[in-house]
Amino acid sequence: MKNKMMKPILILILLFFTVASNSQNNNPKENSKPFVLGSIEEIHSKVLFEKRILNIYLPEGYQQNDTITYPVIYLLDGSADEDFIHVVGLFQFNSFSWINRVPKSIVVGIANVDRKRDFTYQTTIEADQKRYTSAGKSANFISFLEKELQPYIEKKYKTNNSKTIIGQSLGGLLATEILLQKPNLFNKYIIISPSLWWDNGSLLRQNSVIYQENFNKKIDIYIGVGKEGLAPSEIPHVMEVDANLLTEKLKSTKSKTITVNFDYLPQEDHATITHQAIFNALRILYPMSTEK
């Protein structure tokens, strides 16, 4: 009788250890490893008096000791919880060998600290001065890009002379300011839903060397805007209208080396436009790319 009772108990014990063993072997934590999209780096800025976080994506096949060099994409609003991840996906996808629309590129996402401070110049509108108390320091941020960030990236990574900036909203305002004031910083400008209403549209009235006939640097510009309507300003501005005005003024340049592309995306708004606009920009700015 005792032996008969022990038999089912032993079977239950064996089943328990079998299930436990299988559970350990199938434990996702035992068989997983991190999926690495890029690296997080920190740069101390003497211009901005602070540390800045960079998210860096290196394309497949990147080797520090080979002779291949790569274009660099500088992405404003480049935090992991902003635009870095999905923009990296766009560049990776479009550089696949069976698509081959864009060359393999390094993407530098610049994480934000205070985007209103960094992406806007000083405004004469008193209401905006009171509403955005930290705003108006874009000159410092542009100096950071020129004197610290670009030299840092070019020293550390295998880069070539192709440099693109991508900015949306206030980032688009900053990209426009750089285009007009320091156009040589980048070869390609992807400007999306620019907040040109800032300071009552003063950038639209600003003169620039790029309007002159003797400006001979090759620059390609993409301007994308969705169905966005009124800007958040006391003085009425319509986002689509301002983007059109910028496009027309840029197209009026006497320079033979400036190319301007306007893209209206009526199915997108200020919140949804970025991804589709960048995809369109890559198709427009790289119409016949043969690089791999």
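Colleague: How do helix 6 and helix 7 cross, and at what angle?
Modeller: The axes of helix 6 (residues 138-156) and helix 7 (residues 170-181) cross at roughly 70 degrees and come within 11 Å. So helix 6 is roughly perpendicular to helix 7, a label for angles of 65 to 115 degrees. This is a predicted model: local features need pLDDT of at least 70, side-chain atom pairs count only at pLDDT 80 or more, and totals for chains, interfaces and linings use all residues. Residues are numbered from 1 along each chain as its sequence is written, and side-chain values use heavy atoms, with hydrogens and water left out.

Colleague: Which residues make the contact?
Modeller: Helix 6 brings Ser-138, Phe-141, Ile-142 and Leu-145, and helix 7 brings Leu-174, Glu-177 and Ile-178. Contact means heavy atoms within 4.5 Å.

Colleague: New topic. How many aromatic pairs are there?
Modeller: The count comes to 10 aromatic pairs, with ring centres within 6.5 Å. One of them, Tyr-74 with Phe-186, is edge-to-face (planes over 60 degrees apart). Its values are 5.7 Å centre to centre and 70 degrees between the planes.

Colleague: Where do those two sit?
Modeller: Tyr-74 lies in strand 3 (residues 70-75), and Phe-186 in the loop between helix 7 and strand 6 (188-192). So the pair ties together parts that are 112 residues apart in sequence.

Colleague: Is Tyr-74 buried or exposed?
Modeller: Tyr-74 is buried (under 20% relative accessible area), at 1%. Phe-186 is buried, with a relative accessible area of 1%.

Note on methods: Axes are lines fitted to C-alpha atoms, for helices over the stretch in contact, and angles run from 0 to 180 degrees between N-to-C directions. Helices (H or I, at least four residues) and strands (E, at least two) are DSSP runs, numbered from the N terminus. Angles under 35 degrees count as roughly parallel, over 145 as roughly antiparallel, 65 to 115 as roughly perpendicular and the rest as oblique. Rings of Phe, Tyr and Trp (its six-membered ring) pair if their centres lie within 6.5 Å; planes under 30 degrees apart count as stacked, over 60 as edge-to-face and the rest as tilted. Buried means under 20% relative accessible area, exposed over 50%, partly exposed in between (1.4 Å probe, protein chains only).
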